[in-house]
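Me: I want to go through the terms used for this model one by one. For each term, please set the value against its cut-off and then conclude.

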Amino acid sequence: MSQKIFRKGFLALAVTTALSISSVVEADIVIGVAGPHTGANASFGEQYWRGATQAADDINAAGGVNGEKIKLVKADDACEPKQAVSVANRLVDQDKAIGVVGHFCSSSTIPASEVYDEAGIIAITPGSTNPQVTERGLSGMFRMCGRDDQQGIVAGDYIVDVLKAKKVAIIHDKDTYGQGLADATKAQLAKRGVKEVLYEGLTRGEKDFNALVTKIRASGAEVVYFGGLHPEAGPLVRQMREQGLTAKFLSGDGIVTDELVTTAGGPQYTKGVLMTFGADPRKIEDGKAVIEKFRAAGFEPEGYTLYAYASLQALAAAFAGAGANDPAKASEWLKSHPVQTVMGKKEWDGKGDLKVSDYVIYEWDDAGKYHQQ
């Protein structure tokens, strides 16, 4: 063999080896951030993305996880179940994700999580509250939020104990999350001896609810409980007020966005609206430095922003605790170890639910802002 051929072979081997070593050194931990990044509920997708992006930046700046950097991939499901399954498959097959922060709508999270389970991927949702998310025996499914059967208890008790209402109209959007939350509240009211005077569904995407408002008026309801999201909650409460209905309007964590005011047509319509949501994470000392970063960048970390940040922290801690980027080992670790997050210490049970839920009541003011009561 000539010296020339030997040198070419040696150089080729050297290049191949260098590329191989480089690929190991520069390998990324790919995490999908799945939710409604477009469509009527895109404000929640932005909260997810902002929170996860800041968390990834902070974790990577501190050295990453197991010597590797976190790389985020945006996965838009538009809160549509079929699209959620499609993007879940893309995350698995194309993006090679080993973890997911998402989804948002329970009707998207439930089918998408079946894809992740089959692929052996760990997922944690910052905001899907339907009980079935974690009741199907999926080993790698977690949540950073509470459940509707917990949220419904808080809402039902508030209606009875604080609002002292005897006549309650229950409205839902026929979706997994909305109707599930409405039914959980309905069940708690029944336990407290209150039978709803109206139980009615509306269709997501509708804007004209005047016929429904007429039914609410005829029912004599003192409180209207709505299980659904802000694109429908806003027009509904506005049309109630325009028709002179003064009944209290109470909803859940699907309206935790400033977009509620926009969809309602102004703070004059949302003033006094009540909602259940976790205790304000912006008031927790653990998150002070992170919150200041968001505000310095001109973004208020409302709603699920810090939930998404904490979700990525939990995934990072799980992979680090497992000592390898192995989703199965990370899932096992997360179910037996607490994680210190931007929202304080979090612990999970064997189902993937938080051991402690902290739902409280919020009220919207005349400036279009919500405050914890």
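Reply: Helix α3 (residues 81-93) and helix α4 (residues 106-119) cross at roughly 25 degrees, and their axes come within 8 Å. The model is predicted: local features need pLDDT of at least 70, side-chain atom pairs count only at pLDDT 80 or more, and totals for chains, interfaces and linings use all residues. Residues are numbered from 1 along each chain as its sequence is written, and side-chain values use heavy atoms, with hydrogens and water left out.

Me: Why is α3 called roughly parallel to α4?
Reply: Angles under 35 degrees count as roughly parallel, over 145 as roughly antiparallel, 65 to 115 as roughly perpendicular and the rest as oblique. The angle here is roughly 25 degrees, so α3 is roughly parallel to α4. Axes are lines fitted to C-alpha atoms, for helices over the stretch in contact, and angles run from 0 to 180 degrees between N-to-C directions. Helices (H or I, at least four residues) and strands (E, at least two) are DSSP runs, numbered from the N terminus.

Me: Which residues of α3 and α4 meet?
Reply: Contact means heavy atoms within 4.5 Å. Pro81, Ala84, Val85, Ala88, Asn89, Leu91 and Val92 of α3 meet Ser107, Ser108, Pro111, Ala112, Val115, Tyr116 and Ala119 of α4. Ala, Val, Leu, Ile, Met, Phe, Trp, Tyr, Cys and Pro count as nonpolar, Asp, Glu, Lys and Arg as charged, and the others, Gly among them, as polar.

Me: Is the crossing of α3 and α4 left-handed or right-handed?
Reply: The crossing of α3 and α4 is right-handed. A crossing is right-handed if the near helix is turned clockwise from the far one by less than a right angle, and left-handed if anticlockwise.

Me: What makes α2 oblique to α12?
Reply: The axes of α2 and helix α12 (residues 305-322) cross at roughly 40 degrees and come within 7 Å. That angle makes α2 oblique to α12. The crossing of the two helices is right-handed. On the α2 side the residues include Tyr48, Arg50 and Ile59, and on the α12 side they include Thr305, Tyr309 and Leu312. The contact of α2 with α12 divides into nine nonpolar, five polar and two charged residues.

Me: Why are α5 and α6 called oblique?
Reply: Helix α5 (residues 148-161) packs against helix α6 (residues 176-191) at an angle of about 50 degrees, with the axes 7 Å apart. The two helices are therefore oblique to each other. Among the residues in contact are Ile153, Ile159 and Val160 of α5 and Tyr177, Leu181 and Leu189 of α6. The classes in the contact of α5 with α6 are eight nonpolar, six polar and three charged residues. α5 passes α6 in a right-handed crossing.

Me: How do you know whether Arg50 is buried or partly exposed?
Reply: Buried means under 20% relative accessible area, exposed over 50%, and partly exposed in between (1.4 Å probe, protein chains only). Arg50 has a relative accessible area of 34%, so Arg50 is partly exposed. Arg50 is in helix α2 and touches Phe294, Phe299 and Thr305, leaving aside residues up to four places away in sequence. Its C-alpha atom is separated by 9.6 Å from that of Tyr304, 254 residues apart along the chain.

Me: What is the class of Asp57 by relative accessible area?
Reply: Asp57 has a value of 44%, so Asp57 is also partly exposed. Asp57 is found in helix α2 (residues 42-61). Asp57 and Ile70 are 13 residues apart in sequence, and their C-alpha atoms are 8.3 Å apart in space.

Me: Why is Asn41 called buried?
Reply: Asn41 has a relative accessible area of 5%, so Asn41 is buried. Asn41 is placed in the loop between β1 (28-35) and α2. Residues up to four places away in sequence not counted, Asn41 touches Pro36, Cys79, Arg204, Leu229, His230 and Pro231.

Me: What makes Cys79 count as buried?
Reply: Cys79 has 1% relative accessibility and therefore counts as buried. Cys79 lies in the loop between β2 and α3. Phi of Cys79 is near 60 degrees, a positive value in a residue other than glycine.
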